[in-house]
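Here is a friendly note to read alongside the model. Could you keep the structure open while you go through the points?

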Amino acid sequence: MKAPITYTLQYPIVLNTRSTDGTEREEELRSAGATIVLRRPKGKDMRVVDQFDGQDVAITLALIGKLTNLDAQEVENLDAEDMAGLGELVGGFVTRGRKTGGTS
């Protein structure tokens, strides 16, 4: 069995909220340097590719949510750089082995 794939957050995952009196508050959900664990996808996980056909950001976020130890709120609040880094890892599962083009 292969070791799990890990990614280290470059930026904290922060949730911005506003109370009823209008006061803004930041809550750190995960700190920079936290290790995110990714598992290998199964066939059922890959259905998301068809579900969001052509919507690369939606596919990336959905796969990150399915394949990591992050909950939905954490995925939605990822820093763009961390989303891109995790996206490269999950994107490797989507494109690996896929054949494009053809010969005429």
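**Notes on the model**

1. Arg39 and Asp45 make a salt bridge, with their closest N and O atoms 2.8 Å apart. A salt bridge here is a side-chain nitrogen of Lys or Arg within 4 Å of a carboxyl oxygen of Asp or Glu. Arg39 counts as partly exposed at 34% relative accessibility, while Asp45 is buried, with a relative accessible area of 4%. Buried means under 20% relative accessible area, exposed over 50%, and partly exposed in between (1.4 Å probe, protein chains only).

2. A word on the source: this is a predicted model, in which local features need pLDDT of at least 70 and side-chain atom pairs count only at pLDDT 80 or more, whereas totals for chains, interfaces and linings use all residues. Residues are numbered from 1 along each chain as its sequence is written, and side-chain values use heavy atoms, with hydrogens and water left out.

3. How many salt bridges are there by this rule? The count comes to four. Among them is the one between the side chains of Arg18 and Glu24, at 2.6 Å from N to O. Arg18 is exposed, with a relative accessible area of 58%, and Glu24 is exposed, with a relative accessible area of 58%.

4. Arg30 also forms a salt bridge, with Glu74, and the closest N and O atoms are 2.8 Å apart. This pair links distant parts of the chain, 44 residues apart: Arg30 lies in strand β3 (residues 24-30) and Glu74 in helix α3 (residues 72-76). Helices (H or I, at least four residues) and strands (E, at least two) are DSSP runs, numbered from the N terminus. Both Arg30 and Glu74 are buried, with Glu74 at 7% relative accessibility.

5. What does Glu74 touch, leaving aside residues up to four places away in sequence? Its contacts (heavy atoms within 4.5 Å) are Ile13, Leu29, Arg30 and Asn69.

6. Please look at strand β4 (residues 35-38) too: Ile36 and Leu38 form its covered face, Thr35 and Val37 its uncovered one. In a regular strand the side chains alternate between the two faces of the sheet. Strand β1 (residues 5-8) runs antiparallel to β4, joined by four bridges; two strands pair if DSSP finds at least two bridges between them. Thr6 stands opposite Val37 in β4.

7. Finally, helix α2 (residues 56-67): its buried residues include Ile59, Leu63 and Leu67.
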